[in-house]
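Subject: The structure, and what turned up in it

Hi,

Here is the structure I promised to pass on. Have a look at it first, and then read on for my notes.

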Amino acid sequence: MGRLFVKICGITRQDQAEAIAALGVSALGFIAVPNTPRYLPLSEMARWVGSLPGPVEKVGVFLDQDPRAIAAWVETVGLTAVQLHGQESPQDCQQLGKWLPGIRRIKALRIRQPADLEVAHLYRDCVEVLLLDAYHPQQAGGTGRTLNWPELAHRSLPLPWLLAGGLNPDNVLQALSHLQPSGIDLSSGVERRPGDKDIDKVRHLLQQLGSQGWEIAPTLPPITPSATG
């Protein structure tokens, strides 16, 4: 079928991070947003995230946080990418690229209806990757809600993009039968409870993908000059 970037997000435990990385996923995501169920404090993140196996991308997830603060997390922890999950403007993303040269940026868009995709073109020159997540009025992510996949099937995006929103091992192939993302991002769909990942579910996810010929892509798309400003 091709290559697919696979990110498991909302990891809170070192043993689970190591086990999931060993299964061969593309990326692990760590939540740097206080007062959220999967928050991992800077002190704890710095203690072990940077020592995880080199090939796996280490993605910090931020929500409307100051670029200087994000840069401090990246440098202290050793993150290889940042995911911006709030209302960050294209200008915010551009500025972050100047603070963090060489660090890939993923901009999440929370989708209620296909028209919400119209803002995607605004981020064409200031991030490397988009992420489509399901809208929730109180939560920015990890909600378990799915997008309307058929409704989005014929929409095009200006950048490589990741599909999120309620994916799990049992519905991921159905989602991929409708859409052609560059990758997928799972959190609640491979958990026992928020922040507590189920390694068997991650393994089942990868088996499901392998059964249809998907190979796991090792990295995010390269940084382009247009995105660095």
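A residue is called buried when its relative accessible area is under 20%. By that rule, both F62 and W73 are buried. Please keep in mind throughout that this is a predicted model.

**The aromatic pairs**

How many aromatic pairs does the structure hold? There are two. F30 and W48 make up one of them, with an edge-to-face arrangement, 5.8 Å from centre to centre and 80° between the planes. This pair links distant parts of the chain: F30 sits in strand 2 (residues 27–31) and W48 in helix 2 (residues 42–48), 18 residues apart. F30 and W48 are both buried. F62 and W73 form an aromatic pair that is also edge-to-face, at 6.0 Å centre to centre with 85° between the planes. F62 belongs to strand 3 (residues 57–62) and W73 to helix 3 (residues 67–77), so this pair ties together parts that are 11 residues apart in sequence.

**Strand 1 and its partners**

Five of the seven residues of strand 1 are buried, so the strand is largely enclosed by the rest of the structure. Which strands pair with strand 1? Strand 8 runs parallel to strand 1 and is joined to it by four bridges, with K7 standing opposite D185 of strand 8. Strand 11 pairs with strand 1 in the parallel sense over three bridges, and here R3 faces E215. Strand 2 is parallel to strand 1 too, over two bridges; I8 has L28 in strand 2 as its bridge partner.

**Strand 6**

Strand 6 (residues 129–134) is mostly covered, with six of its six residues buried. Both of its faces are covered: V129, L131 and D133 are buried on one side, and L130, L132 and A134 on the other. Strand 5 (residues 104–111) runs parallel to strand 6, and six bridges join the two. Strand 7 (residues 161–163) pairs with strand 6 in the parallel sense over three bridges.

**Helix 7**

D198 caps the N-terminal end of helix 7, with a side-chain oxygen 3.0 Å from the backbone nitrogen of D200. After helix 7 comes G213, whose phi is positive, near 85°.

K197 is in strand 10. Is K197 buried or exposed? Its relative accessibility is 0%, so K197 counts as buried. Leaving out residues up to four places away in sequence, K197 touches I8, C9, G10, I11, Q16, I20, R38, S187, V190, E191 and R192.

D196 is in strand 10 as well, and at 9% relative accessibility D196 counts as buried. The side chains of D196 and R193 are joined by a polar contact of 2.4 Å. Again not counting residues up to four places away, D196 touches R13, Q16 and E191.

**An exposed loop residue**

Q87 lies in the loop between strand 4 (81–84) and helix 4 (90–99). With a relative accessible area of 61%, Q87 is exposed. Beyond its neighbours within four places in sequence, Q87 is in contact with D64 and R110. From C-alpha to C-alpha, Q87 and I184 are 21 Å apart in space, and 97 residues separate them in sequence.

Happy to go through any of this together.

Best wishes

Methods. Residues are numbered from 1 along each chain as its sequence is written. This is a predicted model: local features need pLDDT of at least 70, side-chain atom pairs count only at pLDDT 80 or more; totals for chains, interfaces and linings use all residues. Side-chain values use heavy atoms; hydrogens and water are left out. A polar contact is a pair of N or O atoms within 3.5 Å; within protein, one must be able to donate a hydrogen and the other to accept it, and residues adjacent in sequence count only if both atoms are side-chain atoms. Rings of Phe, Tyr and Trp (its six-membered ring) pair if their centres lie within 6.5 Å; planes under 30 degrees apart count as stacked, over 60 as edge-to-face and the rest as tilted. Buried means under 20% relative accessible area, exposed over 50%, partly exposed in between (1.4 Å probe, protein chains only). Contact means heavy atoms within 4.5 Å. Two strands pair if DSSP finds at least two bridges between them.
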